[in-house]
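Thank you all for coming; I would like to take a few minutes to walk through one structure with you.

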Amino acid sequence: MHLKKSIRSLLTLIFISLTYSGTYLFAFQSTLDVLHYEVSLEPDIPTESVRGSVTIGFNLPPDEHTIELNSGSLTIDSVKGIFVQQFSHTGDELLIRLSEDRDNENELTIQYHGNPPKGLHFIPEKNQAYTVYFTEYWMVLNPDPGDKATITMNILVDKELDCIASGALISVQEKEGKHVYKWEQNFDSPAYTFGFAIGSFKQQVMKLDKVTIRNYGFGYSSDELKQIFIETPDMISFFEEKTGIEYFNSTYSQILIGNHYQEMSGFSVLRASYGSLVLADSTETNLISHELAHQWWGNRITCAGWEHFWLNEAFATFMSAAYNEHRFGRDKYVSDIDAYYAVYKDIKDRNNDKSLVFENWINPSKDDRNLVYFKGAYVLHLLREELGDEVFWAGIRYYSRKYFDQTVTTSDFHHAMETVSDRDLNSFFDEWVY
Ligand SMILES: [Zn+2]
């Protein structure tokens, strides 16, 4: 297959990024509603370890007395709270028993430490660390993507290091000869979008009216960072127009670090070597636009469960092609869609085609993962062809605005597109989606 390098990169990253969602299906589907996480963290880069605490503010119906949280491989040192009776910790499950006479709104604090085997990556030789995908390996949390929350992070780092995290930077204060970076996010997003990156970076800043874009890398000059991320302001405007929703955070940071790609709330990490790819070919920006698109589709309009994950990934993948059309012309769009179709056709030819809605997302195969991204993006293209540009984009905007800050199912999307097009789309969705 003749695929653009950035699309090939996307194919390889999917293998890593989707392995995490399977385990979450085993999670206890509780009615726990986390409102806010306040995290204090001390990552130690030389020993690749972390120590921390998380205070969780939550709602739980009065007739429920047990909370189940995910703690990855962390060691739990204590669980404290006025209404905490006892806790037990088995594997990655932390069960906390609350007294029966507790208040409806509640709070508890968990102290923990560990050497995360994943989720928090350390690069001691570069004095860097960054999070990716498995948030529960560095903070205890409710893994349900439908349970969105706000977060405050206080991260203790050596004085010579920068720390970029979800939300907005509130303060940098001295403590024990180090710096505590306080980042706060005052809007809800799912726990898998929380994260941070630490290192001594070259920084390049782009100022827009309401957003400051900060680009970070190691081994790139400021001019090179500017060149790599030159499209970002236009991408933000493009997605604002397509969603009808202004970008909502005061900053958007892009960090070239390590060996992964992931959107997080308010920032993205991109593989360190990816910058060279864009410097060599300025149209290889699919991953920059893909991760940026997730700030809307994924982070704020979030799949209600992993079976609807295509609503996150197909959208981001399709939108990177749509941006290329806007910026580089129709041929670029067509070549991206052709590449997506080639991935899908290869899976179909091997009789591994499936519905985009995975009822049983427990052990997704590589093909299953690729279907969610590439068949999904191709299907959005087909829907665009079916409805015509005007109706399709009006539908996307209606869906995005209606479900902003909410969780979505496939039928929410289906019905939004029917409402705007005033058409019965059952046969299209039956053929391509369900
Ligand atoms: Zn993605």
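This is a predicted model: local features need pLDDT of at least 70, side-chain atom pairs count only at pLDDT 80 or more; totals for chains, interfaces and linings use all residues.

Helix 7 covers residues 310–328, and from its first C-alpha to its last it reaches 26 Å, which is close to the 27 Å expected at 1.5 Å a residue. Directly after helix 7 comes Gly 329, with a positive phi near 105°.

Let me step back to the whole chain. The protein has twelve helices and 21 strands, and its radius of gyration of 21 Å is close to the 22 Å that the globule rule gives for 434 residues, so the protein is as compact as a globular protein of that length. Along the principal axes, the C-alpha trace spans about 60 × 55 × 40 Å. Buried residues account for 46% of the 434 residues, and if we take the contacts between residues at least 6 apart in sequence, 67% of them join residues at least 24 apart.

How is the chain divided into domains? The domain assignment gives domain 1 as 5–21 + 301–432, domain 2 as 30–197 and domain 3 as 202–281. The C-alpha centres of domain 2 and domain 3 lie 26 Å apart, and the contact between these two domains takes 18 residues from domain 2 and 18 residues from domain 3. On the domain 2 side, strand 8 (120–123), strand 9 (128–131) and strand 13 (178–189) each supply at least two residues, with the largest share, three residues, coming from strand 13. If we sort that side of domain 2 by class, we find nine nonpolar, eight polar and one charged residues.

Now to the strands around strand 16, residues 212–217, which is mostly covered, five of its six residues being buried. Strand 15 (residues 202–207) runs antiparallel to strand 16 and is joined to it by six bridges, one of the pairs being Lys 202 with Gly 217 in strand 16; the hairpin between strand 15 and strand 16 passes through four residues. Strand 16 also pairs with strand 17, here in the parallel sense and over five bridges, and in that pairing Tyr 216 has Ile 255 of strand 17 as its bridge partner.

Strand 17, residues 251–256, in turn pairs in the parallel sense with strand 19 over four bridges, with Ser 253 bridged to Phe 267 in strand 19. What covers the picture for strand 19 itself, residues 267–270, is that both of its faces are covered: Phe 267 and Val 269 on one side, and Ser 268 and Leu 270 on the other, are all buried. Strand 18 (residues 262–264) is joined to strand 19 by three bridges and runs antiparallel to it, with Glu 263 standing opposite Ser 268. Strand 18 and strand 19 form a hairpin with two residues between them, and Gly 266 in the turn has a positive phi of about 85°.

Is Val 34 buried or exposed? Val 34 has 22 other C-beta atoms within 10 Å, and because the cut-off for a buried residue is 20 or more, Val 34 counts as buried. Leaving aside residues up to four places away in sequence, Val 34 touches Ile 56, Phe 58, Asn 142, Asp 147 and Ala 149. By contrast, the C-alpha atoms of Val 34 and Leu 277, which are 243 residues apart along the chain, are separated by 40 Å.

I will finish with two backbone details. Glu 48, in the loop between strand 1 and strand 2 (49–59), has a positive phi near 50°, and with 16 C-beta neighbours inside 10 Å it counts as partly exposed. Asp 422, in the loop between helix 11 (410–421) and helix 12 (426–432), also has a positive phi, near 55°, but with 7 C-beta neighbours inside 10 Å Asp 422 counts as exposed.

How values were computed. Residues are numbered from 1 along each chain as its sequence is written. Domain bounds come from an automatic or database domain assignment. Two residues are in contact if their C-beta atoms, placed from the backbone, lie within 7 Å. Ala, Val, Leu, Ile, Met, Phe, Trp, Tyr, Cys and Pro count as nonpolar, Asp, Glu, Lys and Arg as charged, and the others, Gly among them, as polar. The expected span of a helix is 1.5 Å times one less than its number of residues. A residue is buried if 20 or more other C-beta atoms lie within 10 Å of its own, exposed if 12 or fewer, and partly exposed in between; C-beta atoms are placed from the backbone. The radius of gyration is taken over C-alpha atoms; the globule rule is 2.2 Å times the number of residues to the power 0.38. Two strands pair if DSSP finds at least two bridges between them.
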